[in-house]
Amino acid sequence: MRRIVPCLLASALLLGAAAPASAGGAATTQIRLGRSLGPVALGMHRSAVRALDASEHQLAPVTGKFPARRYRYDDLRQVVWFPTAAPASRAIFALTTARRYRTVRGIGVGSTRAALRAAHPATRCATARIC
């Protein structure tokens, strides 16, 4: 069985929300497709993400058609993308390699492509390696 690459959750959180999403009462390790990765919701301010995990490290900026700033949060085991470095900048993308984050149907890093498709049939893979 072929395993999905560790960054599979990036595609689950593609640039989804125009307005901030709320994690509501969701468990802090739950993936809400198109909304949140654990406690980090799309649309969340960078300062709010930093309040969850003070171990923020700026990575090389993304250049090109859609420039962004990337920050790694060690305790959350996530990389979160923001359009600017401003504290009020809102999260537009998040990814993880941590196996602790799972959808309500049990899908996460390390799940097989078949399991992903069975649990979430509407899922579309960006590429053969990122799903």
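The following legends describe close-up views of a predicted model.

Local features in this predicted model need pLDDT of at least 70 and side-chain atom pairs count only at pLDDT 80 or more, whereas totals for chains, interfaces and linings use all residues. Residues are numbered from 1 along each chain as its sequence is written, and side-chain values use heavy atoms, with hydrogens and water left out.

**View 1. Four strands form an open sheet in the order S4-S5-S6-S7.** Strands (E, at least two residues) and helices (H or I, at least four residues) are DSSP runs, numbered from the N terminus. Two strands pair if DSSP finds at least two bridges between them. Strands of a sheet pair through backbone hydrogen bonds, either parallel or antiparallel; in this sheet the pairing is antiparallel. S4 and S7 are the edge strands, each pairing on one side only. From one strand to the next, the twist averages 25°; the axes are lines fitted to C-alpha atoms, and angles run from 0 to 180 degrees between N-to-C directions.

**View 2. Bridges join strand S5 to its partners S4 and S6.** Strand S4 covers residues 56–58 and strand S5 covers residues 69–73, and three bridges connect them. Within this antiparallel pair, Glu56 stands opposite Tyr73 in S5. Five bridges link S5 to strand S6 (residues 78–82), again in antiparallel fashion. Here Arg72 faces Val79 in S6.

**View 3. Arg77 lies in the loop between S5 and S6.** The hairpin of these strands has four residues between them. Arg77 has a positive phi of about 55° although it is not a glycine. With a relative accessible area of 43%, Arg77 is partly exposed; buried means under 20% relative accessible area, exposed over 50%, and partly exposed in between (1.4 Å probe, protein chains only).

**View 4. The largest nonpolar core has 14 residues.** A nonpolar core is a set of buried Ala, Val, Leu, Ile, Met, Phe, Trp, Tyr and Cys residues joined through side-chain atoms within 4.5 Å. The residues with the most contacts inside this core are Val49, Tyr73, Leu76, Val80, Phe82 and Tyr101. S5 and S6 each supply at least two residues of the core. Not counting residues up to four places away in sequence, Tyr73 touches several residues, including Val49, Glu56, Val80 and Phe82; contact means heavy atoms within 4.5 Å. In soluble globular proteins, nonpolar side chains tend to be buried together.

**View 5. Tyr71 and Phe82 form an edge-to-face aromatic pair.** The structure holds two aromatic pairs. Rings of Phe, Tyr and Trp (its six-membered ring) pair if their centres lie within 6.5 Å; planes under 30 degrees apart count as stacked, over 60 as edge-to-face and the rest as tilted. The ring centres of Tyr71 and Phe82 are 5.9 Å apart and their planes stand at 65°, so the pair is edge-to-face. This pair links distant parts of the chain, with Tyr71 in strand S5 and Phe82 in strand S6, eleven residues apart. Tyr71 is buried at 2% relative accessibility, and Phe82 is buried at 0%.

**View 6. Ser111 lies in the loop between strand S7 (93–96) and helix H3 (113–119).** Ser111 is buried, with a relative accessible area of 7%. Its side chain makes a polar contact with the side chain of Arg102 (3.1 Å). A polar contact is a pair of N or O atoms within 3.5 Å; within protein, one must be able to donate a hydrogen and the other to accept it, and residues adjacent in sequence count only if both atoms are side-chain atoms.
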